[in-house]
Amino acid sequence: MASSGHGSGRQEAADRRLRLIAGHLHPRIAASECKAEAAESDPVRAKTVPKRRQEVMKWNGWGYSDSRFLFNKKGQAEFTGRRYRLGGLIFPSLKDWFESTFGANLQHKSPPTAALNSSAITPPNLNEPFLQDLKSMGIPHSLEAEDRVFRAHGHCLHEIFALREGRFGRLPDMVVWPNCHDDVVKIVELACQHNACLIPYGGGTSVSSALECPPDEMRSIVSLDTSQMNHILWIDEKNLTAHVEAGIVGQELERLLNESGFCTGHEPDSMEFSTLGGWVATRASGMKKNIYGNIEDLVVHIKMVTPRGVVEKSCQVPRMSTGPDIHHFIMGSEGTLGVVTEVTLKIRPLPEYQKYGSVVFPNFEQGVACLREVAKQRCAPASIRLMDNAQFQFGHALKPQVSSIFTSFLDGLKKFYITKFKGFDTHRLCVATLLFEGDREKVLQHEKQVYDIAAKFGGLAAGEDNGQRGYMLTFVIAYLRDLGMDYYVIGESFETSVPWDRVLDLCRNVKERITRECKERGVQFPPMSTCRVTQTYDAGACVYFYFAFNYRGLADPVHVYEQVEHAAREEILANGGSLSHHHGGMALHDEGSRWGTSAGIWAGARIRF
Amino acid sequence: MASRTLYSQRDPALKKRDDFEDILEERRNSSDLKYALKCYMPVLYKGVTPCKPSMIKTMVLQSEQLRYVVTELSKETGEATEVIQGEALAILEEMAHKLHLGTVRFFAYMLNKAFKVLYQRIRVNEDGIQRLQQAIQEHPLVLLPSHRSYMDFLIVSYLLYTNDLALPVIAAGMDFLGMKFVGEMLRMSGAFFIRRSFGGDRLYWAVFSEYVKTILRNGYAPIEFFLEGTRSRTCKSLTPKVGLLSIAMEPFFKGEVFDVSMVPISISYERVLEEALYARELLGVPKPKESTSGLLKARRILSEDYGNIHVYFGQPVSLRSLAQGRINRSQYNLMPRHISRRPGEDVQVFVNDVAYKMVRLQEESMVLRPWVLVATILLQNPHGVEAVWLAEQTAWLRGLAQAFGAFLDWPDHISASRAVASGLALHPNLVRAERGRVRLATEPKGPGARAPEEDLFNHAVTVLSCASYRNQVLHVFLRPALLAMAMDVAPTSRKDDVYSCFGYLRDVFSNEFILCPGAEVQDFDEACFLLTKCSAIQILKQDIVATERGRPTLSFLSAMFQPFLLGYQVVCRYLCEEVAESLPEKSYVAGVRSYAVKRILSGELACLEVLSSDLQKNVLAALLRMGALRKSKAGELVTLRVNKSAINTIENTLGGRVSTQKPVLARL
């Protein structure tokens, strides 16, 4: 971690946030320098994601191998490893919450198959000429089963569920690691020449089934892993831009820019593992988009290698009006049009000060009204999110064991004040979490403005801790899903964007639809079906749903899950929402023609470069 | 649908129905006052906090929907928004209910007293009440009772109050407000009042629809209205009106509520309070002059026995499940929801289908007393029958009705003759039993020389009253009877000929009976199934033929609907013979009536039901729909232009003289 001395406020703030999500060191694996780059002045190099990712990351679950939730012998939940601040902490109320929410029981375990059985994997279908040419070019590759399995999936429920059961579908036949743009050009040329299939692979965090290999594909499938293309090629302080290779992982990009006193401010929940190229390919959105913008606002220039050559603009300018913007064909194309290799991004000086906050509202309706007002006045902080009651309870269950009696006494007092004195109903209240960023004075001023608005809607300031814990939830949720899957609980998240006036109706109807569909499909216990308003815009909001249930007694839980999710999406569309705000999912759009979204044109249109 | 479905048809006779319990029994044994003052704590929708009527008014006035219309109107007319807002308030004042528990208790007390005198029993399906209690908590509720008497207004609220359920808000016609005192009383017991017609008035429409939707969206109270729009004077279900229903569905289509439950309620009276009034109204005869005061009149009503009332609360129907796969709700996504617009074609068709479905559900759960069967038989034998034969025939008809799925209230241990006798006893004004013979009652010729017309009308009152009982059972026999009639008029017994005749008759009568639009095939299959089941017909490869055993059944069914067939023919003949080219719409009913009276008095026509203005209006609607008549407007005057050849064809076809000209459908 960069600790450049003076412990100034702004440095501390930046570090704190980074420590929350990162704070780990990878063994650096030497990669051969790209020949094309060798002559250039030494670029800033990120800590490389190892080629053999399975050495540090789970092959059948989320994140690092050493970091996971588990119930210890005493039945208490704990988080292992040293990478996160949560490492080694005990979560005393998680068990009760888990058991009462899902009707789950610690006695009923559904553990995954222990290890990857390489012999169960079909040998690769190799394209020999391709392989020979690749070897002659000296581009690293692998045919190993473990490498192939790792790149055969994203993190959709059905993908992880199959892995845990030791089931593998069609796998990529080999993995290649280009070191730079030119390598990618060569690989794409070879693939065209020898009729091989390329699937670009960045962080592997896709939740849109985009990494699934088509089972009926007869050609050899090559997974193009961009992880070695992770340099910041240059930083332009005059124009506040940085030119970066697309394989760089979010947290590394941020760390390196921070060292030079900058940031992109783009922080999707997956930023520990997802890559710049992936963000571009899926039209990603970051938590702090209110200040920094979404990926489409951040991108200045994109270089993409397509089968017909390289696509890029001839200049690095803020805006152009010569025809449709080619960037908008690339963003959201999910790797179907080509491989994004280099991107110029806007950067900003590191903010001086950062502050979390939270507000309790008596009910969800009031909370939404407040967020709407904040959006109307255009004074949204870097991040503002409103969790419904169920999600508030969920966040509450993740409260670590308190060390002193005094803190627990204080907590009790707070609860007493809110429920008894202010008359909030613990089964209806909901919490907005806030993150302010900027120079100290302005942050404090901004904070006051937002709290004043909140007060008009019955909101009470509820402290920094609650806010911070709320954000933590989004980073550990994927680890929690793995825990659930150990005990017959499966779940996933999905999201939508929706006009303001329909937010409440959509949230209520979708949650109710989920509950109803689960019941109709024989799910034994009521599911967890919860949402939060996670982004605000002038004309609407982004709503994020968590949905999980106990699948004991179901013959085909994944199928049930998918049916319910399908119904939920249908309900979203009927209530004026979109198929996705930021997860992407052209796979969904294939169904889109049936669902009547205009995105269906992607399936038919052939864009020529 | 292929005719294979014939074999998978669900047997209506196997339909499961709830049991009834008499709620008057308990009332007879306990204090009315205590009952009226009982603790009333109804369960509410999702624990919604009760809302004062005045609050609802404020919400409506401040709603975006209304404000939008007010602004639009102000832009168009140049009038200040405050003025229009004021008009809206006035409309709302005139419309809104003022539910007041004290008044409800008062009504409950009075009704208790009245019911105990008027009725032997009020029987309700307890399971239905239980379901209702559940449904109230889950989703906003729409109650859809059948409408055959003023009593319907009171009885549903009375039952809900008795069972500690949330009182409904009831849509009532403005005519009630004419009765100043009664109107306000009804208002305080939950009625709200709507004008009979307000076609062009956008402000009225906006206030009205927003009022209904506000109550529904928030689930403050169940909404109750009558799909049929008005009381059925004939005890036959009326073609449903869809306006209010489509308003009630809108919050669901727009995603403002998760679902709406619709509960059909069938209220059947063994003897309708308004019986004689209805018949006179249908005949256009003024009420008999009464020398006594209104009070005495009321007392006369109280001194008579009106038998049983059966109230059947049907299974709540989820709007969401009905709309699944039929309505694409995202069509509402492209405009702000507070701007109302004409619903799309698919929505209109859907609303109409649901309305028909709900009326059919009401019909199916109407409880039929043995007397209904007796009336059916007597009407076919106007000169009277042997009592013994009547009992036999009634027992036979009972079997047939049950096979067709009728909801008969006729316990097994009651013999046919006893059932007949009790029916006769309850209707002394309609039937006479003398020396082992039973016949319709006709007033003995009075001492004064009365005009033959007067005699005729007096007789017609009896016939139409009697017909109103037969009408209650028509829905059970309708489809098989249409098939029986089609077999009569079809030129050959070939399936496709019979089917096209069936389709034709069904089309002609679709204003008369509840026949769901677009369900010809299902109806035909159902008719075939039922008649095959009772072995009245045989379906061969190419033909449909009557069996020897089935002939009496078929001719009975045809005879049951003969009055309608004749009625339609008579009207057609009138239009052909008496009308030159066109006639004013106003003089239509009177014209048909005097033509029919002439024909009856001259002995050419024996069917008195032709005199019913309900039938006459239905024929008018049917002829307009089929294009045989055309309306043209000149100022205030509406004229009907007659297409003689078309009418001639219809008449001949109904008489079985010409084969139907409808193209044969490919399915057969």
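This is a predicted model: local features need pLDDT of at least 70, side-chain atom pairs count only at pLDDT 80 or more; totals for chains, interfaces and linings use all residues.
Student: What makes Tyr544(A) a residue to look at?

Tutor: UniProt lists Tyr544(A) under "active site", in an unreviewed entry. In the model, Tyr544(A) is part of strand β22 of chain A, which covers residues 540-550.

Student: Why is Tyr544(A) called buried?

Tutor: Buried means under 20% relative accessible area. Tyr544(A) has 9% relative accessibility, so Tyr544(A) counts as buried.

Student: Which residues is Tyr544(A) in contact with, leaving aside neighbours within four places in sequence?

Tutor: Contact requires heavy atoms within 4.5 Å. Those in contact with Tyr544(A) are Ser493(A), Phe494(A), Glu495(A), Thr530(A), Cys531(A), Arg532(A), Thr534(A), His582(A) and His583(A).

Student: How many residues of chain B and chain A are in contact?

Tutor: The contacts involve 17 residues of chain B and 14 residues of chain A. In chain B, Phe258(B), Asn333(B) and Arg337(B) lose the most area to chain A, together 44% of what that side buries.

Student: What area is buried between the two chains?

Tutor: About 1300 Å², with 31% of this area given by carbon and sulfur atoms.

Student: Why does the pair Arg320(B) and Glu571(A) count as a salt bridge?

Tutor: The rule asks for a side-chain nitrogen of Lys or Arg within 4 Å of a carboxyl oxygen of Asp or Glu. The closest N and O atoms of Arg320(B) and Glu571(A) are 2.7 Å apart, so the pair forms a salt bridge. Across the interface of chain B and chain A, the rule finds 6 salt bridges. The side of chain B that touches chain A has 4 nonpolar, 6 polar and 7 charged residues.

Note on methods: Residues are numbered from 1 along each chain as its sequence is written. Chains are lettered from A and ligands numbered from 1 in the order in which they are written. Side-chain values use heavy atoms; hydrogens and water are left out. UniProt positions are given in the numbering used here, feature names are shortened, and annotations may be inferred rather than shown by experiment. Helices (H or I, at least four residues) and strands (E, at least two) are DSSP runs, numbered from the N terminus. Buried means under 20% relative accessible area, exposed over 50%, partly exposed in between (1.4 Å probe, protein chains only). Buried area is the accessible area (1.4 Å probe) that two parts lose on being put together, summed over both. Ala, Val, Leu, Ile, Met, Phe, Trp, Tyr, Cys and Pro count as nonpolar, Asp, Glu, Lys and Arg as charged, and the others, Gly among them, as polar.
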